[in-house]
Amino acid sequence: MADDYLVRIGKLIRDARQHRGWTQAQLAEALGTSQSAVNRIERGNQNISLEMIARIGEALDSEIVSLGYAGPMHLRVVGGRRLSGSIDVKTSKNACVALLCASLLNKGRTVLRRVARIEEVYRLLEVLNSIGVRTRWINDGVDLEIVPPAELDMGAIDAEAAVRTRSIIMFLGPLLHRMDRFMLPYAGGCDLGTRTIEPHMIALRRFGLDVAATEGQYHAVVDRGVRPDRPIVLTERGDTVTENALLAAARHDGVTVIRNASSNYMVQDLCFFLEALGVRVEGIGTTTLTVHGVPNIDVDVDYSPSEDPVEAMSLLAAAVVTESELTVRRVPIEFLEIELAVLEEMGLDHDRTPEYFADNGRTRLVDLTVRPSKLEAPIDKIHPMPFPGLNIDNVPFFAAIAAVASGKTLIHDWVYDNRAIYLTDLNRLGGRLQLLDPHRVLVEGPTRWRAAEMMCPPALRPAVVVLLAMMAADGTSVLRNVYVINRGYEDLAERLNSIGAQIEIFRDI
C-alpha cells in the first residue's frame with residue numbers, strides 16, 4: 001500500500017472518529033491497541049491490513065472506513081483447467097521476515113529489494129512501526145525502506161500483530177543488544193502443534209538473555225556480564241533457532257561459533273545480509289558458522305533477498321497436479337535438488353536452463369519447464385531432512401503429487417505434530433489418504449479429483465495443497481477463509497490466473 005493511500009485512509013479514520021466524538025484513546029480501547037498506534041494510523045505512518053480497517057469501521061460504525069470489507073476472504077475455484085506459459089518465483093517469505101528482524105541490528109537505513117508483500121510481512125511491519133521504526137514502500141511499492149529510531153518504544157508494541165506471527169520470536173536476538181529489559185507477546189503463526197522456545201533459549205542464554213513467560217508475555221532480562229566462552233551447540237537444527245543465534249552473535253563483541261546450525265535458504269540469506277552490514281560469517285552453507293561480531297552497526301545497506309524455493313515447489317506442484325506444461329522461472333535450484341531427484345524417480349518430465357545468479361549475487365537460479373507426466377509412487381517413503389535434504393515445508397506438496405501418481409506413497413512429516421492430519425482434507429476432494437498416526441499418511445493414487453466446498457486448513461502449506469487439488473478437480477470448489485495462504489503468498493490467486501487458472505476472490509456480504 002503506497003504512502004499516499006495510508007495518509008488518505010488515516011484521514012478517513014480520523015474524520016470518522018471525530019464524527020463519532022471519540023478520542024484516540026477511546027478508539028484504541030475499542031480495538032485493544034494503544035493510543036500511539038491509533039495516532040500512527042491516523043497520520044498514515046503505519047501499515048494497516050484490510051482486517052484492521054474492517055475492525056475500525058465496525059468500531060466507528062463507518063462504511064467509509066470499512067472500504068467494502070465485509071468478512072474473511074474466500075476463493076471460488078473453477079477446476080479442470082490446464083496451466084500454460086511461464087511464471088516467476090517471488091522472493092523468499094522466510095528470508096524477508098528474518099531480514100526485517102535483522103534490520104533492528106542496524107542504526108542506519110536498510111533497503112530490502114522486492115520484498116514479499118504478504119500478511120506475515122505486514123504483521124512484522126505493524127510491530128516495527130509500533131515501536132518507532134519508520135518503514136515505507138518505495139520504487140512503486142516494490143522495495144522496502146527501514147529507518148530505526150534512536151530508542152525503541154517497546155511499551156507501545158502492537159501486541160495484536162505480534163501474536164499473529166511466530167517470526168516475532170526473532171526479535172529476541174537483536175533486542176538483547178539494545179536494552180537490558182523488554183517484553184514481547186507470545187509468538188503465534190500457523191497451528192502446527194506444540195512448539196516451545198527452549199531451543200532458542202539454549203543459544204540466547206549464552207549471551208546473557210533470560211526469559212520468563214507469564215500472562216501472555218515473554219519477560220526478557222539481559223545480564224551483560226555473560227558472554228559465550230565456548231562454541232554454542234544448538235539442540236535443534238532449526239531455521240529460526242539458527243537465525244536467532246546469528247542475530248545475537250552479530251553484535252557480540254567477539255567471535256561466536258555456532259554448531260549444528262541450519263544451512264537452509266533463509267539462514268544463508270541472513271548470513272549474506274549480515275555480511276553486507278559488516279559482520280564476517282564463515283561457514284555459510286555448512287552446519288558450523290563462525291561469526292565475527294560488530295558491536296556497533298551503523299551503515300546504509302541495500303540488499304536483495306533471494307527467491308523462495310517453497311513457492312517454486314508450489315508452482316511445480318500446481319503444474320504436476322493439473323497435468324500442465326509450465327515454465328517456472330528464477331528457481332533457487334540448490335534448495336530443490338532433492339525434491340527434483342524424487343520427482344525424477346517418480347517419472348517427472350522436465351528440463352532446466354543453465355544456472356545464473358540471483359540479485360544477491362550468491363544464490364544459484366534456473367528456469368524449470370515441467371510437462372505432463374505419468375507418475376509412479378516412489379519406492380521409498382517421502383520425509384524431510386535438514387538442508388540439504390528434502391525441505392520440511394515442501395513435504396505437503398508431495399501429498400497432492402502422490403495423489404496423481406499410480407501406487408501408494410508413504411509420507412512421514414516427523415517435524416510437526418498436526419500437519420499430516422491436515423493433509424487428509426484432500427479426501428474431501430476425492431483423495432485417498434489414510435492417516436496412520438499424527439505424523440504419517442499413506443497416499444493412494446491416481447486420484448479422480450472432485451469439487452467441494454470446505455474451510456481452509458489452519459496451516460499454510462496444507463492450505464495451498466488443498467487449493468492445488470481444487471484447481472485439478474472438474475467443477476467449482478470453494479475454499480473459505482484463506483488468510484493463512486495470504487500469510488505466505490503474494491497475490492497467489494491472481495498469479496495462478498495469469499497462467500490459466502480460474503480463481504475468484506470473494507467475501508461474504
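Biologist: Is arginine 495 buried or exposed, and why?

Modeller: This is a predicted model, so keep that in mind. Arginine 495 counts as buried because its relative accessibility is 11%, and buried means under 20%.

Biologist: Where is arginine 495 found?

Modeller: In helix H19, which covers residues 492–497.

Biologist: And which residues is arginine 495 in contact with, leaving aside neighbours within four places in sequence?

Modeller: Ile87, Asp88, Val89, Lys90, Glu311, Leu315 and Glu490.

Biologist: New topic, domains. How is the protein chain divided?

Modeller: Domain 1 is 2–60. Domain 2 comes in two pieces, 73–90 and 307–507. Domain 3 is 93–303.

Biologist: What separates the centres of domain 2 and domain 3?

Modeller: A distance of 29 Å, taken over C-alpha atoms. The two domains do touch: 31 residues of domain 2 are in contact with 28 residues of domain 3.

Biologist: How much area do domain 2 and domain 3 bury between them?

Modeller: About 2,400 Å², with 47% of it on carbon and sulfur atoms. On the domain 2 side, Phe387, Tyr483 and Arg487 supply 27% of the area buried against domain 3.

Biologist: Let's switch to strands. In what order do the four strands of the open sheet run?

Modeller: E21-E22-E1-E23, with mixed pairing. Strand E21 (453–455) and strand E23 (502–507) are the edges, and each pairs on one side only. From one strand to the next, the twist averages 20 degrees.

Biologist: How many bridges join E21 to strand E22?

Modeller: Three, and the two strands run parallel. Strand E22 covers residues 475–480.

Biologist: What stands opposite methionine 454?

Modeller: Leucine 479, in E22.

Biologist: Last one. Where is histidine 439?

Modeller: In the loop between strand E19 (432–437) and strand E20 (440–445). Its C-alpha atom is 7.2 Å from that of asparagine 418, though the two residues are 21 residues apart along the chain.

Biologist: What is histidine 439 in contact with, neighbours within four places aside?

Modeller: Several residues, including Ile411, His412, Trp414 and Tyr416. Ala420 is also in contact with histidine 439.

How values were computed
Residues numbered from 1 in each chain as written. Predicted model: local features only at pLDDT ≥ 70, side-chain atom pairs only at ≥ 80, totals over all residues. Heavy atoms only, no water. Buried < 20%, exposed > 50% of the residue type's maximum accessible area, 1.4 Å probe, protein only. Contact = heavy atoms within 4.5 Å. Pairing = 2+ DSSP bridges. Axes fitted to C-alpha atoms, helices over the stretch in contact; angles between N-to-C directions. Domains from an automatic or database assignment. Buried area = accessible area lost by both parts, 1.4 Å probe.
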